[in-house]
Amino acid sequence: MTSDTGPARAESDAGAARRAFLSAAVRRPATMGAIAPSSPRLGAVLASIVPTAGAPVVVELGPGTGAVSAVIAQRLPAGARHLAVELDPDMVTFLRRTRPELEVVPGNAANLGALLAERDISSVDAVICGLPWALFDDPTQTALLAEISRAIGSTGAFTTFAYLHGMTLGAARRFRRTLRETFDEVLVTATVWRNLPPAFVYVCRRPRTPAE
């Protein structure tokens with residue numbers, strides 16, 4: 001008799017995540033910006049802004065199958081809150097089943113302020129974002145970044161990623177310009193080659209427009 005622990009359990013979880021990802025891609029191909037879940041290496045770069053002490057509040061936007069959620073959880077200290085805002089109802093169900101440590105929030109990231117207020121949260125320490133920015137028009141990008149800016153205020157941080165192969169496209173250049181118009185500090189990390197496809201991370205701090 002075998003036990004469902006260790007490598008066997010990890011392989012089973014990975015298979016479930018792949019199936020959930022493919023199912024979401026089939027259900028809503030127009031809103032899926034990725035071809036595979038983020039790798040642990042990319043997750044580690046995205047989660048580098050997560051505080052490892054105190055009682056931080058960390059928000060993840062578009063957690064998908066929870067690949068990055070697992071990396072964030074490894075950094076969080078006891079007493080932290082880790083909220084994951086997910087629009088897809090089936091993915092919400094999957095996350096609640098496979099990531100019980102997550103505070104899964106069903107809803108649209110465009111309503112981030114209201115979703116946080118419903119949970120008595122006025123500001124957060126970090127926002128880690130897996131949303132498909134390239135699929136959003138300029139007004140949608142601006143509105144989302146405004147919500148994120150208000151959430152992190154002057155002391156929090158925000159990370160998101162983009163794929164290397166798309167960085168020369170006009171949409172990617174416009175998004176980078178929008179980031180630099182929105183935040184006082186926008187850092188671009190080295191390429192994470194161990195991801196499908198290779199990607200890099202934007203690390204943003206200090207919104208230029210004070211939260212209102």
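Strands β5 (residues 157–163) and β7 (residues 199–207) run antiparallel and are joined by seven bridges; helices (H or I, at least four residues) and strands (E, at least two) are DSSP runs, numbered from the N terminus. Within this pair, Phe-161 has Val-201 of β7 as its bridge partner. The model is predicted, and local features need pLDDT of at least 70, side-chain atom pairs count only at pLDDT 80 or more, and totals for chains, interfaces and linings use all residues. Residues are numbered from 1 along each chain as its sequence is written, and side-chain values use heavy atoms, with hydrogens and water left out.

Both strands belong to an open sheet of seven strands with mixed pairing, in the order β3-β2-β1-β4-β5-β7-β6; two strands pair if DSSP finds at least two bridges between them. Because β3 (103–106) and β6 (183–188) each have a single partner strand, they stand at the edges, and one side of each is left without a neighbour in the sheet. Direction ignored, neighbouring strands of this sheet are turned by 20° against each other on average.

Helix α3 (residues 67–75) lies across β1 (57–61), β2 (81–86) and β4 (126–129), and runs at about 170° to β1. Axes are lines fitted to C-alpha atoms, for helices over the stretch in contact, and angles run from 0 to 180 degrees between N-to-C directions. Helix α7 (residues 170–182) packs on the sheet, where α7 touches β5, β6 and β7, and its direction makes about 135° with that of β6.

Ser-38 lies in the loop between α1 (6–27) and α2 (40–46). With a relative accessible area of 19%, Ser-38 is buried (under 20% relative accessible area, 1.4 Å probe, protein chains only; exposed is over 50%, partly exposed in between). Leaving aside neighbours within four places in sequence, Ser-38 is in contact (heavy atoms within 4.5 Å) with Ala-67, Val-68, Phe-161 and Asn-195.
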